[in-house]
Amino acid sequence: MKKVSCRPLIALLWLILLAGTARAEALSVGGTGSAEPLVRLLFAEFRKQAPDAMLNQISPPIGSGSALKALAAGRIDLAVIGRQPKPEEASRVGQQFALATTAFVLASSDAPHSGGFTVDQLARIYEGQLLTWPGGSPIRLILRARFESDTQVLREMSPAMAKAVDAASLRPGMVTADNDLDTLRLLARTPGSLGPTTVGLLTTSNTRLVVLPINGVAPSLANLKNGSYPWRKTLTVVLPQQPGELAERFATFLRSAAASRLLQAYDYLPYGQ
């Protein structure tokens with residue numbers, strides 16, 4: 001019997017494999033930690049129309065400011081940030097658009113005070129005047145850095161909160177989280193914890209925490225939409241000045257009906273709705 005060499009077949013298979021690899025294109029995305037799980041979910045949906053596309057998500061999260069710097073320097077292809085770019089930042093990047101908003105909340109691992117707090121009570125907590133939950137167990141605050149968007153939302157709740165949040169950053173022994181995902185981990189593992197996060201991040205990360213009403217209003221998507229719950233965090237998509245084709249395609253998808261349905265399923269309100 002004549003022997004048949006397998007080498008031509010193996011070589012052909014390698015050529016097919018290499019050709020498939022060459023067609024695959026990666027989109028590098030960085031930004032706020034609160035958007036990280038959401039971006040993965042959105043990209044998985046996007047791949048139904050772009051099956052060769054791959055996601056390269058910068059982790060741990062680099063934050064909004066660093067993402068804009070990386071975008072301007074050409075180190076990432078698209079940024080999803082938790083605030084509006086500052087004028088000096090906007091001048092170095094390209095198109096931007098608000099993607100969605102979600103309820104900004106105060107959450108705890110095991111809060112016994114299901115009725116939540118008023119803004120005035122929150123100010124007393126951050127000021128260090130109210131130190132315990134109603135049952136007497138200590139409230140353990142989880143802070144964010146003063147420049148973070150979560151800290152800015154807290155400061156904007158009231159003049160008293162602005163003063164109290166600044167005071168909290170100066171109190172000795174306070175725990176400060178590095179990013180949104182680190183905040184979740186600290187909130188989940190700290191007894192009596194209290195700190196900022198968003199409903200959207202809790203849902204997309206499948207994290208179970210006690211979410212506290214503020215001024216008697218629950219942070220639901222319906223209350224966010226009708227304006228009765230005013231505290232929110234908006235995610236903004238930013239492209240470089242000369243975006244690549246894949247970045248433009250993904251940005252277009254993010255404004256599609258399919259993306260809108262997914263956003264609402266995970267407690268995000270598409271911008272403009």
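The legends below describe an overall view and several close-up views of a predicted protein model. In this predicted model, local features require pLDDT of at least 70 and side-chain atom pairs count only at pLDDT 80 or more, whereas totals for chains, interfaces and linings use all residues. Residues are numbered from 1 along each chain as its sequence is written, and side-chain values use heavy atoms, with hydrogens and water left out.

**Figure 1. Overall view of the protein.** The protein contains twelve helices and ten strands; these are DSSP runs numbered from the N terminus, helices being H or I of at least four residues and strands E of at least two. Its C-alpha trace spans about 90 × 50 × 35 Å along the principal axes. Of the 273 residues, 46% are buried (under 20% relative accessible area; exposed is over 50% and partly exposed in between, with a 1.4 Å probe and protein chains only). Among contacts (heavy atoms within 4.5 Å) with a separation of 6 or more, 75% are between residues 24 or more positions apart.

**Figure 2. The largest pocket.** This pocket holds about 370 Å³ of space, the volume being that filled by probe spheres set on grid points joined across faces, edges and corners. On a 1 Å grid over the protein atoms alone, a pocket is an open set of points with protein on both sides within 12 Å along at least five of seven lines, where a 1.4 Å probe fits, and lining residues have an atom within 4 Å of a point. The lining comprises 21 residues, of which Ser 64, Gly 65, Arg 83, Phe 147 and Glu 148 lie nearest the centre. Helices H3 (63-72) and H6 (149-155) each contribute at least two lining residues, and H3 provides the largest share, four residues.

**Figure 3. The cis peptide bond at Pro 60.** Ser 59 and Pro 60 are joined by a cis peptide bond with omega of about 5°. Pro 60 is located in the loop between strand E2 (53-57) and H3. Most peptide bonds are trans.

**Figure 4. Asn 206, a residue with positive phi.** Although not a glycine, Asn 206 has a positive phi of about 55°. Asn 206 is placed in the loop between helix H9 (199-204) and strand E8 (210-212). With a relative accessible area of 64%, Asn 206 is exposed.

Figure 5. Asn 215, a residue other than glycine, has a positive phi near 55°. Asn 215 counts as partly exposed, at 42% relative accessibility.
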